[in-house]
Amino acid sequence: MPGLPGSSPDPVPGPPVCSAKGCRADAVWVLAWNNPKIHVPERRKTWLACDEHREHLSQFLGVRGFLKDVVTLAEWDGPTGPAEPES
């Protein structure tokens, strides 16, 4: 749906940007979430956030019980979460 965070069907070339409506700032955070009413527990959807919008987007997801994890973009390693350090 247009206008919803993370709703762009095609990735935009360039650095990842914040998912907050109207924000074009570089993303710094990954908010991993799922809706337990429609997603299996292992499924993780993501929104990206800049420093300014991290708390707002986290609260939006958290109050609904959707937020599962918040990590920096540098730490994010896909839907399974951060990568384990190599020995």
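**Close-up 1. The buried side of helix α1.** Within helix α1, the residues Leu 57, Ser 58 and Leu 61 are buried, where buried means under 20% relative accessible area, exposed means over 50% and partly exposed lies in between, using a 1.4 Å probe and protein chains only. Viewed down the axis of α1, these buried residues fall within an arc of 100 degrees, so they line one face of the helix; the arc is that of the directions from the helix axis to the C-beta atoms. The face of α1 turned away from its buried side carries the exposed residues His 56 and Val 63. On the buried side, the residues of α1 pack against β1, β2 and β3 (67–72), with contact meaning heavy atoms within 4.5 Å. Helices (H or I, at least four residues) and strands (E, at least two) are DSSP runs, numbered from the N terminus. After α1 comes Gly 65, whose phi is positive, near 75 degrees.

This is a predicted model, in which local features need pLDDT of at least 70 and side-chain atom pairs count only at pLDDT 80 or more, while totals for chains, interfaces and linings use all residues. Residues are numbered from 1 along each chain as its sequence is written, and side-chain values use heavy atoms, with hydrogens and water left out.

**Close-up 2. Leu 31 and its surroundings.** Leu 31 lies in strand β1, which covers residues 29–33, and Leu 31 is buried, with a relative accessible area of 0%. Leaving aside residues up to four places away in sequence, Leu 31 touches a set of residues that includes Trp 47, Ala 49, Leu 57, Ser 58, Leu 61 and Val 70. Although Leu 31 and Leu 48 are 17 residues apart along the chain, their C-alpha atoms are separated by 6.1 Å.

**Close-up 3. The largest nonpolar core.** The largest nonpolar core has 11 residues in all, among them Leu 31, Trp 33, Trp 47, Leu 57, Leu 61 and Phe 66; such a core is a set of buried Ala, Val, Leu, Ile, Met, Phe, Trp, Tyr and Cys residues joined through side-chain atoms within 4.5 Å. At least two residues of this core are supplied by each of β1, β2 (45–49) and α1 (54–63).

Close-up 4. A search of the whole structure finds 0 disulfides, a disulfide being a pair of cysteine sulfur atoms within 2.5 Å. Cys 18 is in no disulfide, and the nearest cysteine sulfur, that of Cys 50, is 3.8 Å away. Cys 23 is likewise in no disulfide, with the nearest cysteine sulfur, again that of Cys 50, 3.9 Å away. Cys 18 is buried at a relative accessible area of 3%, and Cys 23 is buried at 10%.

Close-up 5. A search of the whole structure finds 3 aromatic pairs, and rings of Phe, Tyr and Trp (its six-membered ring) pair if their centres lie within 6.5 Å, with planes under 30 degrees apart counted as stacked, over 60 as edge-to-face and the rest as tilted. The rings of Trp 47 and Phe 60 have their centres 5.7 Å apart and their planes at 35 degrees, so this pair is tilted. Trp 47 is buried, with a relative accessible area of 8%, whereas Phe 60 counts as partly exposed at 34%. The charged end of Arg 64 sits over the ring of Phe 60, 3.7 Å from its centre, which requires CZ of Arg, or NZ of Lys, within 6 Å of the ring centre and within 35 degrees of the ring normal.
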